[in-house]
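These entries record what I looked up in the structure shown below, taken topic by topic.

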Amino acid sequence: MDPFDYLYESKAEFEQSQRYVKTDEEIKKYEIDESMADTQRALYLLNKGYSEQKVSVVYCLPRLLRERSCQNEVVPKILAGLSSNASGPSPWDDFELKKCAAESFCKILKEGLLQEHPELLKQLTQTAAFVMKSDSIDLLKEWKSLFDMLIHKIPNQLVTQELAPVVIEMANIENDPEKREVAGDFFESLAKVYDSETFPQFIL
């Protein structure tokens with residue numbers, strides 16, 4: 001089985017993919033050269049693939065990091081896509097892709113696969129800050145688990161500079177009550193990073 005074909009392990013998931021493949025020409029576009037190395041194939045799908053293929057690469061990211069060195073190209077490409085601020089519709093705006101990214105990076109942090117790459121941890125932190133500006137409550141809830149892990153893996157200074165300001169903005173009185181309620185959950189996590197004296201001063 002192709003390492004990026006996990007989506008087709010069930011009939012329902014395969015049928016879902018058919019929404020994107022209608023003609024012989026499109027089917028040919030969907031096919032990938034099997035002679036390509038995993039990293040090359042991952043980059044190709046991230047650049048040219050359908051939304052589901054991008055999700056598949058993101059899903060496989062922990063395995064790719066464990067088995068071979070893809071941190072120099074694939075990880076930055078994914079993080080850049082997730083934090084892109086395109087003026088028009090972007091495949092990186094897909095909810096399932098961002099949900100999958102949160103789950104994959106949770107696995108990556110849990111296994112310590114980025115601990116020797118502080119520059120990628122910083123980029124992941126900046127990406128999380130970007131995603132946390134979303135108005136989607138469901139997306140914020142999906143990324144909360146990643147936030148909880150991330151704040152214990154990066155220096156407190158980075159938490160203060162990149163993540164905390166977004167949480168404060170999330171709690172802005174002008175936001176809707178549901179978003180402010182979610183902000184309270186993020187604040188609760190931040191309180192575990194700062195000591196009892198620093199945290200109140202930080203909020204004020």
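This is a predicted model: local features need pLDDT of at least 70, side-chain atom pairs count only at pLDDT 80 or more; totals for chains, interfaces and linings use all residues.

**Entry 1. Terms and model.** I call a residue buried under 20% relative accessible area, exposed over 50%, and partly exposed in between.

**Entry 2. Overall layout.** I began with the secondary structure and found 11 helices and zero strands in the chain. Read along the sequence, the pattern is accordingly α-α-α-α-α-α-α-α-α-α-α. I then looked up burial for the chain, which has 204 residues, and noted that 44% of them count as buried. For the accessible surface I noted about 11,300 Å², with 47% of that area belonging to carbon and sulfur atoms. Turning to contacts between residues at least 6 apart in sequence, I found that 62% join residues at least 24 apart.

**Entry 3. Helix 3.** I listed the buried residues of helix 3, which spans residues 38-48. They are Asp38, Thr39, Arg41, Ala42, Leu43, Leu45 and Leu46. Against which helices do the buried residues of helix 3 pack? I found helix 4 (51-67) and helix 5 (74-82) as their partners.

**Entry 4. Salt bridges.** I counted four salt bridges in the model.

I took Arg66 and Glu111 to begin with, whose closest N and O atoms are 2.9 Å apart. This pair links distant parts of the chain, with Arg66 in helix 4 and Glu111 in the loop between helix 6 and helix 7 (118-131), 45 residues apart.

I next recorded the salt bridge of Lys179 with Asp135, in which the closest N and O atoms are 3.1 Å apart. Lys179 lies in helix 10 and Asp135 in the loop between helix 7 and helix 8, so the pair ties together parts that are 44 residues apart in sequence. Lys179 is buried, with a relative accessible area of 7%, whereas Asp135 is exposed, with 63%.

I then turned to Lys144 and Asp148, a salt bridge with 2.8 Å between the closest N and O atoms. Both residues lie in helix 8, four residues apart, which is about one turn of the helix. Lys144 counts as buried at 17% relative accessibility, while Asp148 is partly exposed at 26%.

**Entry 5. Lys98.** I looked up Lys98 and placed it in helix 6, residues 95-110. Which side chain of opposite charge is nearest to Lys98, and how far away is it? I found Asp93 at 4.1 Å. A salt bridge requires a side-chain nitrogen of Lys or Arg within 4 Å of a carboxyl oxygen of Asp or Glu. I therefore recorded no salt bridge for Lys98, the nearest opposite charge being 4.1 Å away and the cut-off 4 Å. Leaving aside neighbours within four places in sequence, I listed Leu82, Trp92, Asp93, Leu139 and Trp143 as residues in contact with Lys98.

**Entry 6. Aromatic rings.** I searched for aromatic pairs and counted one. The pair consists of Phe147 and Phe186, in an edge-to-face arrangement, with 4.8 Å from centre to centre and 65 degrees between the planes. Phe147 lies in helix 8 (residues 137-150) and Phe186 in helix 10 (residues 177-190), so the pair ties together parts that are 39 residues apart in sequence.

**Entry 7. Cysteines.** How many disulfides does the structure hold? I found zero. For Cys60, I noted that the closest cysteine sulfur is that of Cys100, 8.4 Å away, which is too far for a bond. The cut-off that applies here is 2.5 Å between the sulfur atoms. I also looked up burial for two of the cysteines. Cys60 is buried, with a relative accessible area of 5%, and Cys106 is buried as well, with 14%.

Notes:
Residues are numbered from 1 along each chain as its sequence is written. Side-chain values use heavy atoms; hydrogens and water are left out. Buried means under 20% relative accessible area, exposed over 50%, partly exposed in between (1.4 Å probe, protein chains only). Helices (H or I, at least four residues) and strands (E, at least two) are DSSP runs, numbered from the N terminus. Contact means heavy atoms within 4.5 Å. Accessible areas come from the Shrake-Rupley method with a 1.4 Å probe; for residues, only the protein chains shown count as cover. Lys and Arg count as positive and Asp and Glu as negative; His and the chain ends are not counted. Rings of Phe, Tyr and Trp (its six-membered ring) pair if their centres lie within 6.5 Å; planes under 30 degrees apart count as stacked, over 60 as edge-to-face and the rest as tilted.
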